[in-house]
Amino acid sequence: MSAVAETLTHWINFPENIEKLMFPSRTHESRDNENKGFSSIPADILDTPKEFIFYLDVPGLSKSDIQVTVEDENTLVIKSGGKRKREEFEEEGCKYIRLERKAPQKLMRKFRLPENANVAAITAKCENGVLTVVVEKLPPPPKPKTVEVAIA
């Protein structure tokens, strides 16, 4: 590939590269044994001027099945031990003839939050199979002031 094509490819993928640096997901690391038996939750992350917004697909799960916590002061953890409920039929002679919509028993996803994330101001809501987690940003630190001191 030519140098121009490589540079162009790099800049086209720039947002994804920044996202991987700011919000690495630890669920795919083989050294993290606590994730064994869990499936990953697909996620989109939006960086706005005032907050980070995480959109996660959790079809068939209710809000009581999902836990959102912060570990180690800056790791957002989203997990579910619940499973999607199948419609039960009380009529005699009713049975499923095909079961293709299998949901994992356990779901988990971890995100390392950036330093400017306010972990004390996190909200979450679950609607229509999408979990939305909003993490507010801390205000930027004040710029250091330079004070001129007169020499006597």
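Buried means under 20% relative accessible area, exposed means over 50%, and partly exposed lies in between, using a 1.4 Å probe and protein chains only. Thr132 has a relative accessible area of 14%, so Thr132 is buried.

## Basis of the model

This is a predicted model, in which local features need pLDDT of at least 70 and side-chain atom pairs count only at pLDDT 80 or more, while totals for chains, interfaces and linings use all residues. Residues are numbered from 1 along each chain as its sequence is written, and side-chain values use heavy atoms, with hydrogens and water left out.

## Overall layout

The chain has two helices and seven strands. Both kinds of element are DSSP runs numbered from the N terminus: helices are H or I with at least four residues, and strands are E with at least two. Read from the N terminus, the order is α-α-β-β-β-β-β-β-β.

Of the 152 residues, 26% count as buried. A contact means heavy atoms within 4.5 Å. Among contacts between residues at least 6 apart in sequence, 59% join residues at least 24 apart.

## Strand pairing

Strands of a sheet pair through backbone hydrogen bonds, either parallel or antiparallel. Here two strands count as paired if DSSP finds at least two bridges between them. Strand β1 (residues 43-47) and β2 run antiparallel and are joined by five bridges. One of the residues involved is Asp47, whose bridge partner in β2 is Phe52. The hairpin from β1 to β2 passes through three residues.

An open sheet of three strands has the order β3-β4-β5, and the pairing is antiparallel. Its edge strands, β3 (66-71) and β5, each pair on one side only. On average, neighbouring strands of this sheet are turned by 15° against each other, direction ignored. The angles are taken between N-to-C directions and run from 0 to 180 degrees, with axes fitted as lines to C-alpha atoms, for helices over the stretch in contact. Between β3 and β4 there are six bridges; Ile66 has Ser80 as its bridge partner in β4.

## The nonpolar core

A nonpolar core is a set of buried Ala, Val, Leu, Ile, Met, Phe, Trp, Tyr and Cys residues joined through side-chain atoms within 4.5 Å. The largest such core has 16 residues, of which Phe54, Leu56, Leu76, Ile78, Leu131, Val133 and Val135 touch the most other members. Strands β2, β4 (75-80), β5 and β7 (130-137) each supply at least two residues of this core.

Leaving aside neighbours within four places in sequence, Ile78 is in contact with residues including Ile41, Leu56, Val68, Phe111 and Leu131. Thr132 is found in strand β7.

## Aromatic rings

Rings of Phe, Tyr and Trp (its six-membered ring) pair if their centres lie within 6.5 Å; planes under 30 degrees apart count as stacked, over 60 as edge-to-face and the rest as tilted. By this rule there is one aromatic pair. The ring centres of Phe54 and Phe111 are 5.0 Å apart and the planes are at 55°, so the pair is tilted. Phe54 lies in strand β2 (residues 51-57) and Phe111 in strand β5 (residues 107-112), 57 residues apart. Phe54 counts as buried at 0% relative accessibility, and Phe111 counts as buried at 1%.

The charged end of Lys137 sits over the ring of Phe52, 4.7 Å from its centre. This requires NZ of Lys or CZ of Arg within 6 Å of the ring centre and within 35 degrees of the ring normal.
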